[in-house]
Amino acid sequence: MGERARLTATDLRDMLVDEGTWESWDSPVVSPASTSDGNDDAYAEELTRARERTGSDESVITGSGVIGGHPVAAVVSEFGFLGGSIGRDAGTRIVAAVRRATEERLPLVALPASGGTRMQEGTAAFLQMVAIAGAVTDHKAAGLPYLVYLRHPTTGGVFASWGSLGHVTWAQPGALVGFLGPRVYEGLYDEAFPEGVQTAENLSRTTVVDDVVDPGDLAGRLASVVGLLARRSSPASPAETTAQSDRVIPPAARDAWECVLATRAPTRAGLIEFLAAGESAPLSDAGPLRFSLSDFGGRVALVVGYDRTSQAEGDLPGPRHLREARRAIMAAGDLDLPVVTVIDTPGAELSVVAEEGGLAAQIARCTVELMKAPVPTVSVLLGQGAGGAALALFPADLRVARSDAWLSPLPPEGASLIVHRDRDHADEMATRQGILAGRLAAQGMVDEIVDAGSDPAALTQIRDVIGRYLATSPVPDAAARTRVPSVHAR
């Protein structure tokens with residue numbers, strides 16, 4: 001169903017919203033732009049035909065409903081109405097809906113499918129994108145979730161404004177998503193736009209969108225995410241833990257090289273198993289760096305972590321992934337969500353593309369973003385911790401490590417190449433550099449060590465440590481935020 005399926009606004013609404021819960025927020029369009037702004041008879045006829053064909057009076061429907069038991073507000077495009085284009089009346093409707101969602105403190109789900117600005121209305125319609133973006137900005141500043149699902153197709157000013165401002169952005173499989181529509185590009189430049197660029201799958205690969213989600217799976221994904229986000233301001237009860245003390249005692253000295261090899265074992269538990277050990281909802285589900293919501297003993301946090309399986313297959317974190325990590329950390333600040341980073345990486349992508357993409361700068365900026373986050377932060381050194389990719393997610397308020405995990409400027413083989421000009425001294429360099437978690441704890445660089453033998457026990461204990469810490473961290477009252485006055489055009 002999801003592959004480029006063009007669902008009507010009402011069809012999609014009915015797929016997502018629990019039966020009988022939808023409340024329309026739309027006032028009838030009494031004086032359409034074509035009649036109130038002039039006597040454009042041709043445009044008036046287009047509007048009449050669009051109404052007759054779709055049964056809708058404009059290119060969007062708005063309202064509130066319940067998804068999986070959780071109340072939300074929604075803005076849904078109707079592509080059949082003049083290509084889902086946004087003119088004065090549609091823009092006014094969207095702004096009103098966003099502002100009402102803010103006033104009623106509802107999460108807002110945007111589901112655009114649009115060619116962008118309505119050309120028949122020109123600049124006045126174009127500037128509606130500013131008004132919509134302003135309303136969305138105020139909604140986010142009030143600490144409220146803004147979730148976007150890009151449908152087929154989403155282009156132009158819609159993609160360049162409210163379609164690109166989500167705390168989480170998903171896309172429909174096979175959807176055409178891009179700034180400039182391919183037909184316009186070909187008409188302007190007399191050549192076809194390269195195939196495969198403006199697709200949901202490519203934009204997921206390049207981290208422009210967080211994940212590709214089939215419409216049939218969307219209700220479940222939204223319910224999981226909205227349900228966990230609804231708990232973020234609820235005081236956490238003290239977590240039931242398996243540990244008996246507030247501080248985990250560092251383990252005895254271990255062989256560094258054996259630990260390095262252990263962290264590289266194909267069967268070793270990683271990010272996926274860490275998330276599965278508690279209630280979690282994925283926000284992105286592909287690539288070397290992934291984002292999820294997860295409940296730690298009653299306190300929900302945003303998890304930003306490296307996936308060992310993707311990296312083992314050669315997909316290493318690069319500049320675009322660290323840019324997304326920064327965006328995720330900023331979104332957590334918007335939503336008053338604690339941040340938990342999971343470090344398990346053999347190192348960042350080393351390539352011409354990575355260098356030209358500013359890998360070093362992105363490592364530095366991600367490091368700073370984590371250090372200045374206005375929410376509690378925890379970093380988990382779960383396995384390998386090589387180079388700048390590991391450093392970028394390390395400097396948290398609380399630093400937890402599995403006892404055989406390690407952190408170093410380069411993998412031991414790289415250190416051996418620099419010092420000995422060969423790879424043969426990697427085991428010696430692992431010991432000499434003091435890379436193991438126990439050594440880091442002894443020097444005050446790691447706060448908690450978990451020395452559990454089995455993967456399940458280690459993951460449970462790490463989650464317990466995080467739960468205890470977050471249970472004692474202040475829980476912000478998002479509802480008490482001062483609403484930021486809008487300075488945007490109405």
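**Exercise 1. Find which helices and strands each supply at least two residues of the lining of the largest cavity.**

*Solution.* Start with the elements: α10 (215-229), β11 (289-296) and α14 (319-334) each supply at least two lining residues. Helices (H or I, at least four residues) and strands (E, at least two) are DSSP runs, numbered from the N terminus. Lining residues have an atom within 4 Å of a cavity point, and a cavity is a set of points on a 1 Å grid over the protein atoms alone where a 1.4 Å probe fits but cannot get out.

Before going on, a word on the model: it is predicted, local features need pLDDT of at least 70, side-chain atom pairs count only at pLDDT 80 or more, and totals for chains, interfaces and linings use all residues. Residues are numbered from 1 along each chain as its sequence is written, and side-chain values use heavy atoms, with hydrogens and water left out.

Next, the contributions: α14 gives the most to this lining, with 5 residues. Altogether 17 residues line the largest cavity, and H167, V168, L283, L302 and A331 lie nearest its centre. Finally, sort the lining by type: 13 residues are nonpolar (Ala, Val, Leu, Ile, Met, Phe, Trp, Tyr, Cys and Pro), 3 are charged (Asp, Glu, Lys and Arg) and 1 is polar (the others, Gly among them).

**Exercise 2. Locate the backbone features at P153, L82 and D190.**

*Solution.* Keep the background in mind: most residues other than glycine have a negative phi, and most peptide bonds are trans. Begin with P153, which is joined to H152 by a cis peptide bond with omega about -10°; P153 lies in the loop between β5 and β6 (154-155).

Move on to L82, whose phi is positive, near 50°. L82 belongs to the loop between β3 and α4.

End with D190, where phi is near 55°, again positive. D190 sits in the loop between α8 (182-189) and α9 (200-205). Is D190 buried or exposed? D190 is exposed, with a relative accessible area of 70%; buried means under 20%, exposed over 50%, partly exposed in between (1.4 Å probe, protein chains only).

Note on methods:
On a 1 Å grid over the protein atoms alone, a cavity is a set of points where a 1.4 Å probe fits but cannot get out, and a pocket is an open set with protein on both sides within 12 Å along at least five of seven lines; lining residues have an atom within 4 Å of a point.
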